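This report considers aromatic ring pairs and charges placed over rings. The sequence and structure come next.

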Amino acid sequence: MTSSTVSGASAKWRSRRSRVLGRLVFIGPGLTYLIVFLLIPLALILSYAFFRRGRFGGVVYETTGENFTRLVDPLYLDVVLDSLELATIATAIALLIGYPTAYLIARLPAKWKTVALVAIVLPFWTNLLVRIYAWTVLLSGHGLVNTALGKLGLGPFEFLYNRGAIVTGLIYSYLPLMVLPLYAAIEKLDPQLREASANLGARPARTFASVTLPLTLPGVVTGCMFVFVPSFGNFVIPELLGGGRSIMVGNLIRDQFLKARDWPFGSALTLALLAVLIVLLLLQAWSSRRA
């Protein structure tokens, strides 16, 4: 082997090493974050789910499948079904509100679109707890809403600590997550398609049903997922606006870890919730590919 061949191989190896090091510099922080804050906690949750609860809480490292059989207990199934119902209602109402809103924003002049989009995401600039506490002040018995209704000779009404308050809080918290993907989908529509439909004699309702809605269906599915997923696992809003009267899956998991100290069963609940969300995300990806 000649010296030129050796030097060439050495230079090639150094070039490959520099490329690998360069990639590690860029992906290293993100990869470290995922390993430390996602994969390791998920591995702990997965392992805890197969152990027993200690007599006074904690984990006893004796393998068992009892935690998963408890998931089909009617008591816990009712909580899951209740969470599904509340999340579905909130998602449906958010879609009914978000689609017209996104459509109107997409039809605005260019200089007003940015203003409207900033107004949509403006609530995210404030902490969620602050915003939910503001709703408790507005909807309380002596709050602004009941005070205004009292001056009209109406009320007072019980707006807080019921299912309606929970749905209202979920819609308010996650409505921007519905509007933004819908706006992106509507904005990409070719206006000539709607014009062609109108030229062929279709009424606006027919054009919407035959052209606009099918072409924006990926945005609809994405927006519904963005609202449904966090709504299904939320525990702050049911606690503050629902007063703890309606327990959702998130509240049940929190109580297992912090109150009952049943970490194994809480881990099993977490895995079940994660499995449901993964299935929903796979369905969303499948529907987007078909669209």
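Is tryptophan 263 buried, partly exposed or exposed? Tryptophan 263 is partly exposed, because its relative accessible area is 31%, where buried means under 20% relative accessible area, exposed over 50% and partly exposed in between, with a 1.4 Å probe and protein chains only.

## Basis of the model

The model is predicted, so that local features need pLDDT of at least 70 and side-chain atom pairs count only at pLDDT 80 or more, while totals for chains, interfaces and linings use all residues. Residues are numbered from 1 along each chain as its sequence is written, and side-chain values use heavy atoms, with hydrogens and water left out.

## Aromatic pairs

Searching the whole structure gives nine aromatic pairs, a pair being rings of Phe, Tyr and Trp (its six-membered ring) with centres within 6.5 Å, stacked if the planes are under 30 degrees apart, edge-to-face if over 60 and tilted otherwise. One of them joins tyrosine 48 and tryptophan 263, and it is tilted because the planes lie at 40°, with the centres 6.1 Å apart. This pair links distant parts of the chain, from tyrosine 48 in helix α1 (residues 3-48) to tryptophan 263 in helix α13 (residues 263-290), 215 residues apart; helices are DSSP runs of H or I, at least four residues, numbered from the N terminus. Tyrosine 48 counts as buried, because its relative accessibility is 17%.

Tryptophan 135 and tyrosine 172 form an edge-to-face pair, 5.4 Å centre to centre with 65° between the planes.

## Charges over rings

The charged end of arginine 70 sits over the ring of phenylalanine 265, 3.9 Å from its centre, the criterion being NZ of Lys or CZ of Arg within 6 Å of the ring centre and within 35 degrees of the ring normal. Arginine 131 lies over the face of phenylalanine 124, at 5.7 Å from the ring centre.

Note on methods
Helix = DSSP H or I, 4+ residues; strand = E, 2+ residues; numbered from the N terminus.
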